Amino acid sequence: MMLKLLFADRIENWPAYEPALKSALAEMGIAAEILLPPADPGAIDYIVYSPRGPVQDFTAYTRTKAVLNLWAGVERVVGNPTLTQPLCRMVDEGLERGMVEWVTGHVLRAHLDIDFFLAHQDGVWRQAGHVPPLARDRSVVVLGLGALGGACATTLASLGFAVTGWSRTPKTLAGVTCLSGPEGLRAALGRAQILVTVLPNTPETTDLLNRETLALMPRGAVILNPGRGTLIDDAALLAALDTGRIAHATLDVFRVEPLPPDHPYWAHPKVTVTPHIAAETRPASAARVIAENIRRFEAGETPLHLVDRARGY
């Protein structure tokens with residue numbers, strides 16, 4: 001039987017996804033026709049979906065077996081009352097590796113105080129007080145131990161960092177001290193010389209880093225946020241940067257994107273802005289995840305990364 005897939009992302013992304021999807025489906029032995037909007041909703045078996053794409057109302061897609069999200073985040077769609085089909089979020093090898101590489105690079109940047117040396121190429125030899133500790137003597141905390149956060153935590157641990165991970169519920173990761181719950185969060189923040197936030201956007205995580213929780217961190221700590229912009233109370237972070245409580249923040253995600261040109265983060269000397277590049281979906285690897293999930297649905301097997309509607313992720 002020839003399946004019908006709807007590619008419901010921005011049309012400018014179709015040239016990159018067309019060959020990747022066709023190749024991945026062929027490798028899986030899946031016979032499928034890939035359609036672009038507008039297409040008959042009643043004929044669609046699967047939707048390859050992006051929240052920024054043209055499909056916002058799923059009511060007419062009565063035949064659709066699953067919505068396969070191209071993003072790891074599902075907060076823009078999980079609350080859609082018209083969505084009754086199973087929803088799978090995207091966690092693919094390319095997205096995971098991109099996150100791990102961004103986090104590792106910026107942790108090492110902070111650990112080695114690279115910004116200091118870049119700012120002092122002036123002929124003055126400043127060795128005293130600027131020899132970095134070994135990784136084993138640097139406490140790094142990762143908030144969020146899902147697929148992406150867990151990969152970041154274990155990679156940093158493999159480099160020798162003293163890594164603590166925190167999650168809402170207990171987790172176990174090799175080489176990582178795992179904490180959970182409210183008291184675990186307070187303990188984790190108290191030791192976070194470098195803090196990495198890789199949590200989803202939920203009511204419980206909104207403004208998780210606020211005036212009270214930022215005050216728990218060691219003075220001079222560094223924050224890296226490639227998770228969600230809503231995790232941080234922006235005013236509280238700016239105040240903490242101004243007082244020196246937080247030495248630097250490297251931010252990849254924001255409440256409003258693109259970040260408005262007049263936002264204080266752009267001009268703040270202790271903030272680095274990157275334009276949501278830490279965990280970008282790569283068409284080739286994402287297409288393989290989509291094809292595998294279609295194979296699983298058709299075979300009656302458990303799909304990858306099925307969203308728990310009750311939890312919202």
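The side chains of glutamate 298 and lysine 65 meet in a salt bridge, with N and O 2.7 Å apart, where a salt bridge is taken as a side-chain nitrogen of Lys or Arg within 4 Å of a carboxyl oxygen of Asp or Glu. Because glutamate 298 belongs to helix α9 (residues 283-299) and lysine 65 to the loop between β3 and β4, this pair ties together parts of the chain that are 233 residues apart in sequence. Helices (H or I, at least four residues) and strands (E, at least two) are DSSP runs, numbered from the N terminus. The model is predicted, so that local features need pLDDT of at least 70 and side-chain atom pairs count only at pLDDT 80 or more, while totals for chains, interfaces and linings use all residues. Residues are numbered from 1 along each chain as its sequence is written, and side-chain values use heavy atoms, with hydrogens and water left out.

By the salt-bridge rule the count comes to 14. Another of these pairs joins arginine 52 to aspartate 9, the closest N and O atoms being 3.5 Å apart. This pair links distant parts of the chain, 43 residues apart, with arginine 52 in the loop between β3 (46-49) and β4 (66-69) and aspartate 9 in the loop between β1 (3-8) and α1 (14-27). A further salt bridge is formed by arginine 255 and aspartate 207, whose closest N and O atoms are 2.2 Å apart. Since arginine 255 is in the loop between β11 (246-251) and α8 (264-267) and aspartate 207 is in the loop between β9 and α6, this pair ties together parts that are 48 residues apart in sequence.

| Residue | Relative accessible area | Class |
|---|---|---|
| Aspartate 9 | 6% | buried |
| Arginine 52 | 32% | partly exposed |
| Lysine 65 | 31% | partly exposed |
| Aspartate 207 | 27% | partly exposed |
| Arginine 255 | 40% | partly exposed |
| Glutamate 298 | 36% | partly exposed |

Helix α5 (residues 181-190) has as its buried residues Gly181, Gly184, Leu185, Ala188 and Leu189. These residues are on the same side of α5, because they cover an arc of only 130° around the axis, the arc being that of the directions from the helix axis to the C-beta atoms. On the other side of α5, Pro182 and Glu183 are exposed. The buried residues of α5 pack against β6 (139-143), β7, β8 (177-180), β9 (194-197) and α6 (211-214), with contact meaning heavy atoms within 4.5 Å.

On the surface, Leu108, Leu112, Ile114, Leu118 and Leu159 form a nonpolar patch with about 410 Å² of accessible area together. Leucine 159, in the loop between α4 (147-158) and β7 (162-167), is partly exposed, with a relative accessible area of 43%. Patches are made of residues with over 30% relative accessible area and no salt bridge, with like charges joined within 9 Å and nonpolar side chains (Val, Leu, Ile, Met, Phe, Trp, Tyr) within 5 Å; accessible areas come from the Shrake-Rupley method with a 1.4 Å probe, and for residues only the protein chains shown count as cover.

With a disulfide defined as a pair of cysteine sulfur atoms within 2.5 Å, the count comes to zero disulfides. For cysteine 152, which is in no disulfide, the nearest cysteine sulfur is that of cysteine 178, 14 Å away. Cysteine 152 counts as buried at 1% relative accessibility, whereas cysteine 178 counts as partly exposed at 23%.

Note on methods: Buried < 20%, exposed > 50% of the residue type's maximum accessible area, 1.4 Å probe, protein only.
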